[in-house]
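Subject: Handover of a structure and notes on its features

Dear colleague,

Please find the structure below, followed by an account of what was found in it. I would be grateful if you could read the two side by side.

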Amino acid sequence: MKRAFAHIGFSFGAALFALNAFGIEFAYCAFAAVAAVFVFSLLVLKTRRSVSLPVCAGSALLACLLFIYAYNAVVLPQMILDGKTVQVNYYLTDLGTPVSTGYTYTAKIVSAALPGAPQGINVKLYVNQQIPAAGYQLISGKVHFESFGNNGFSSYGAWGKEIFLRANVKAYEVSSNFVTSPMRGILELRYNIITAFMNSVGGEEGALSAGMLIGDRSFLSDEAINNFRIVGASHLTAVSGLHLGAVTGAFGGAFNLLKIDKRISSPIIILVIIIYCMLSGFSKSVVRAGIMLIILLVGLMFRQRADSLNSLGLALFVICLNPFAVCDISTLLTTLSMLAIITVYPAAVYSSAFELFKRKIMSLPTSKRRFGGIVANAVIHISELILLSFSIVVCNLPVMCLFFGYFSAIGIVLNTLLVVLGGFAVTLSLASVPFLFTGFLAPLFAYAVRVVNSLILIFVAAGARVPFATLNLGKNFVLIIGGALVIIGVSYFVSPRLVKKTAAVMIACVIIISAITTVAESKRDRVFITQSGAAAVCFGNETCVVGADSYYDFVQIKSYLTSSGSKVTKTVNCSGDNAELFSKLYGCDDDSLCDNYTVKIGELTFASGDNVTGNIVVCGNRVSDPSGIVDLQNGSVEYKISGSSYSRDIYSTAILT
């Protein structure tokens, strides 16, 4: 059987995706059904000889067993802590991230003063101020535990990181003792790299280098992170396969210049990959890229060529040995992106249509001029990069639909430039590290990094301001995607030759429907309310922002309005800083003297403030409407209003940020 690891990895991952989506009860039923299919495939001569069905069924069966074991042996024992306040000893395993309500840390519980409580578990800590402790320094105190959700997807990726509980710190005391761990040195190195870039480069530029090299985005402003998200370039702000590729490419290029044999250079590069994976905190995208690169390098050592789909399948299998890893969106996006590069992109770039396009470009009269050939080749290469970006967007569309409800339209074009700049920026940042540490030529390298990163930030900020930079998919878009996939599947059984044409038509239909939906939604009356009670009220040709007091409110509302192509016409009861920011962006008026705000939208009344009445009323961190009361701690809320009727959607903070 060709590509055995591809069959194993993708069957294993797809089964775990379904198990995480439907839960433990479904897992028991799925185990029985898949076991029956596996036995049948072994008993029937035709399927046994084809090998594919037994391998895929066996992989799915293994996924069921692993999921059931992990849920009962790992998840359930930790749920004993859910809802309890317990005295614990723990240590921090990351540098911490500032959020609107304080700081978050990843921590490991050493011991808990509760009979039967598991030890050595990872938790996400929430505290209202920075903890004055170094990584792996022992801390004791009381924390209140809560579960992240009932399944991997409701935890928004936390289960994929083997974190099943979150804990609010009630009190703590830092000791002078440290836990012995090799990861402590890695954490200190991460801190030193951040410090070097923030001291030497500084600002958003230094923060971007820190994010690109080690995945720490805590020093990037909310607005910058939001801009990267809008243009579909968040992969630049956190370590990914792109960054690991740039790092290994730099080492590989240096070894090639020195003419060092592959059997000597490959083990060194493999060691670099392992260290970089540790430095990144074992990010799923870096681990996936690392496994694939290691397979490639081992092949080079033994003069063998690795198969890309097999390598991806093996990488996915290794990642999914944690059965909840598929719930981490980075796992899904990085796998689908790589699948697009291996399958969709070659099909597009070697298609007869693109070959005809290249021939026409090369036959233009400009090719006879002095630099005509260079220009024609540049056009072709840029077109190939756009096709690459488009292929990745198409493959990631189902995930974007399920998790975000939008995809970046501007990113299809802008990422063509950003990927090139990003690769150069990562290589330059990496080369700068020893100079920033030693001080030798540090100002020169710091200036170079600042210039390149500034270009990236400028392009990203400009792209985020383009109207309709993102296209909204809507709640029913899952059905549209599903219908398109069914039509493509049916076309394969009718005639395999129809698949490419059908897929092209379906992709065009999906994009057209997205554009029409986005434009239509932008003209609907709607209200978006953040977790702190700030609101963006869009009705008719007006958009009013109410009660935006924090920078977090500004970022969330700006992101929402950008995705719908709306512009603020008025701010009411906003902080001076936010009113000024909105004014600079949209040239809107400000009414900071109004404490309460009431407006008629269709046949309904929206009101914000104390002692106000209306159909939809925001007061503090709660929203009341005819359907009941919504606690904004659960997420941001969007109302779509038509006459006297409305629909209400709640969006998790994990999705919006």
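A residue is called buried when its relative accessible area is under 20%, exposed when it is over 50%, and partly exposed in between. By that rule E146, with a relative accessible area of 31%, is partly exposed. Please keep in mind throughout that the model is predicted.

Salt bridges

How many salt bridges does a search of the whole structure find? The search finds four. As a general point, side chains of opposite charge can pair when their charged atoms come close.

E146 is bridged to R166, and the closest N and O atoms of the two are 3.7 Å apart. Because E146 belongs to strand β5 (residues 137–147) and R166 to strand β6 (residues 163–178), this pair ties together parts that are 20 residues apart in sequence. R166 is partly exposed, its relative accessible area being 31%, and E146 is likewise partly exposed at 31%.

R184 and E188 form another salt bridge, with an N to O distance of 3.4 Å. The two residues are four apart in helix α5 (residues 182–200), so about one helical turn separates them. E188 has 42% relative accessibility and counts as partly exposed; R184, with a relative accessible area of 29%, is also partly exposed.

The side chains of R648 and D625 also form a salt bridge, and here the closest N and O atoms are 2.8 Å apart. This pair links distant parts of the chain, with R648 in strand β20 (residues 645–651) and D625 in strand β17 (residues 622–625), 23 residues apart.

Helix packing

Two packed helices are described by the angle between their axes and the distance between the axes. Helix α2 (residues 24–43) takes part in a crossing with helix α1 (residues 4–22), where the axes come within 6 Å and the angle is roughly 135°. α1 and α2 are therefore oblique to each other, and their crossing is right-handed.

Helix α2 also packs with helix α4 (residues 52–78), at an angle of about 155° and with the axes 9 Å apart. Why are α2 and α4 described as roughly antiparallel? Angles over 145 degrees count as roughly antiparallel, and the angle of about 155° between α2 and α4 therefore places the two helices in that class. The crossing of α2 and α4 is left-handed.

A nonpolar surface patch

Which residues make the nonpolar surface patch of about 430 Å²? The patch is made by L417, Y447, V451, L455 and F459. Helix α16 (residues 442–464) gives the most to this patch, contributing four residues. L455 is found in helix α16 and counts as partly exposed, at 38% relative accessibility.

Positive phi values

Two residues with positive phi are noted here. K259, a residue other than glycine, has a phi near 55°. K259 is found in the loop between α8 (241–257) and α9 and is exposed, with a relative accessible area of 76%.

L441 is not a glycine either, yet has a positive phi of about 55°. L441 is found in the loop between α15 (410–438) and α16, and is partly exposed, with a relative accessible area of 38%.

L279 is placed in helix α9 (residues 262–279) and counts as buried at 10% relative accessibility. Although L279 and L213 are 66 residues apart along the chain, their C-alpha atoms are separated by 8.5 Å.

F407 lies in strand β7 (residues 406–408) and is buried, with a relative accessible area of 4%. From F407 to D553 the separation is 146 residues in sequence and 22 Å in space, C-alpha to C-alpha.

With kind regards

Key: Residues numbered from 1 in each chain as written. Predicted model: local features only at pLDDT ≥ 70, side-chain atom pairs only at ≥ 80, totals over all residues. Heavy atoms only, no water. Patch = residues over 30% accessible without salt bridge, like charges linked within 9 Å, V, L, I, M, F, W, Y side chains within 5 Å. Areas by Shrake-Rupley, 256 points an atom, 1.4 Å probe, with all protein chains shown as cover. Buried < 20%, exposed > 50% of the residue type's maximum accessible area, 1.4 Å probe, protein only. Axes fitted to C-alpha atoms, helices over the stretch in contact; angles between N-to-C directions. Parallel < 35°, antiparallel > 145°, perpendicular 65-115°, else oblique. Left-handed = near helix turned anticlockwise from the far one by under 90°.
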